[in-house]
Amino acid sequence: MVRTSRSWAMLHAKCPRCRRGNMFEGATYRFGSNKINLNCPHCQMIFEIEPGYFYAAMYISYAMNVAEGGILWAATFLITQNNDSPWLYLSTILGGLFLLAPLNFRYSRVILLYWLSPKVHYHPELDIEMPVDGNKFKWFQ
Ligand SMILES: [Zn+2]
């Protein structure tokens with residue numbers, strides 16, 4: 001049995017329990033909603049473990065935005081060597097963060113479920129080709 005690697009599953013926003021089912025509907029960059037599925041389509045894990053669980057992802061998203069803003073500021077300075085115009089930095093940072101918002105939304109939730117949720121574990125027995133019957137594995141949740 002081939003185990004799906006954790007880094008590949010995180011990069012592709014797969015379920016943290018089976019690493020097979022998609023956490024989100026559709027692609028990252030698309031017009032319309034960027035919704036997380038209620039259940040894993042493969043193993044039926046409920047992603048929102050308790051009501052309001054993803055509020056914690058806001059803190060992760062905030063930290064990601066601060067880091068990305070710092071990187072954008074440094075890149076703007078290194079490329080332009082401009083020390084005079086705050087508007088250049090403001091427009092670059094805000095524009096860059098606007099473009100990165102769908103990625104931050106998605107990966108803040110992925111990081112929350114993979115790294116900061118101690119009760120969510122990988123189950124290699126669920127990492128199989130066929131979708132798992134949800135009723136059979138309810139006790140995992
Ligand atoms: Zn799953």
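The legends below describe close-up views of a predicted model. Residues are numbered from 1 along each chain as its sequence is written. In this predicted model, local features need pLDDT of at least 70 and side-chain atom pairs count only at pLDDT 80 or more, while totals for chains, interfaces and linings use all residues.

**View A. The annotated transmembrane spans.** An unreviewed UniProt entry lists residues 53-75 and 87-105 under "transmembrane region". UniProt positions are given in the numbering used here, feature names are shortened, and annotations may be inferred rather than shown by experiment. Residues 53-75 are 87% helix and 0% strand, with end C-alpha atoms 34 Å apart. Residues 87-105 are 100% helix and 0% strand, and their end C-alpha atoms lie 26 Å apart. Helices (H or I, at least four residues) and strands (E, at least two) are DSSP runs, numbered from the N terminus.

**View B. Packing of α2 and α3.** The axes of α2 and α3 are 8 Å apart and form an angle of about 145 degrees. Axes are lines fitted to C-alpha atoms, for helices over the stretch in contact, and angles run from 0 to 180 degrees between N-to-C directions. The contact of α2 with α3 has 14 nonpolar, nine polar and two charged residues. In this classification, Ala, Val, Leu, Ile, Met, Phe, Trp, Tyr, Cys and Pro count as nonpolar, Asp, Glu, Lys and Arg as charged, and the others, Gly among them, as polar.

**View C. Ile93 in helix α3.** Ile93 lies in helix α3. Apart from neighbours within four places in sequence, Ile93 is in contact with Gly69, Leu72 and Trp73; contact means C-beta atoms, placed from the backbone, within 7 Å. Ile93 is partly exposed because 19 other C-beta atoms lie within 10 Å. A residue is buried if 20 or more other C-beta atoms lie within 10 Å of its own, exposed if 12 or fewer, and partly exposed in between, with C-beta atoms placed from the backbone.

**View D. The largest nonpolar core.** This core has 13 residues, of which Cys15, Cys18, Cys40, Cys43, Met45 and Phe47 touch the most other members. Its largest share, four residues, comes from helix α3 (residues 86-115). A nonpolar core is a set of buried Ala, Val, Leu, Ile, Met, Phe, Trp, Tyr and Cys residues joined through C-beta atoms within 7 Å. Not counting residues up to four places away in sequence, Cys40 touches Cys15, Arg17, Cys18, Gly21, Met45 and Phe47.

View E. His42 belongs to the loop between α1 (6-11) and α2 (56-80) and is buried, with 22 other C-beta atoms within 10 Å. From His42 to Lys14, 28 residues apart in sequence, the C-alpha distance is 9.9 Å. Arg19 is also found in the loop between α1 and α2. Arg19 is not a glycine, yet has a positive phi of about 60 degrees. With 24 other C-beta atoms within 10 Å, Arg19 is buried.

**View F. Gln81 in the loop between α2 and α3.** Gln81 sits in the loop between α2 and α3. Its phi is positive, about 55 degrees, although Gln81 is not a glycine. Gln81 is exposed, with 7 other C-beta atoms within 10 Å.

**View G. Ser117 after α3.** Ser117 is in the segment after α3. Ser117 touches Ile49 and Leu112, leaving out residues up to four places away in sequence. The C-alpha atoms of Ser117 and Ile49 are separated by 9.4 Å, with the two residues 68 apart along the chain. Ser117 is partly exposed, with 14 other C-beta atoms within 10 Å.

Conventions: Contact = placed C-beta atoms within 7 Å.
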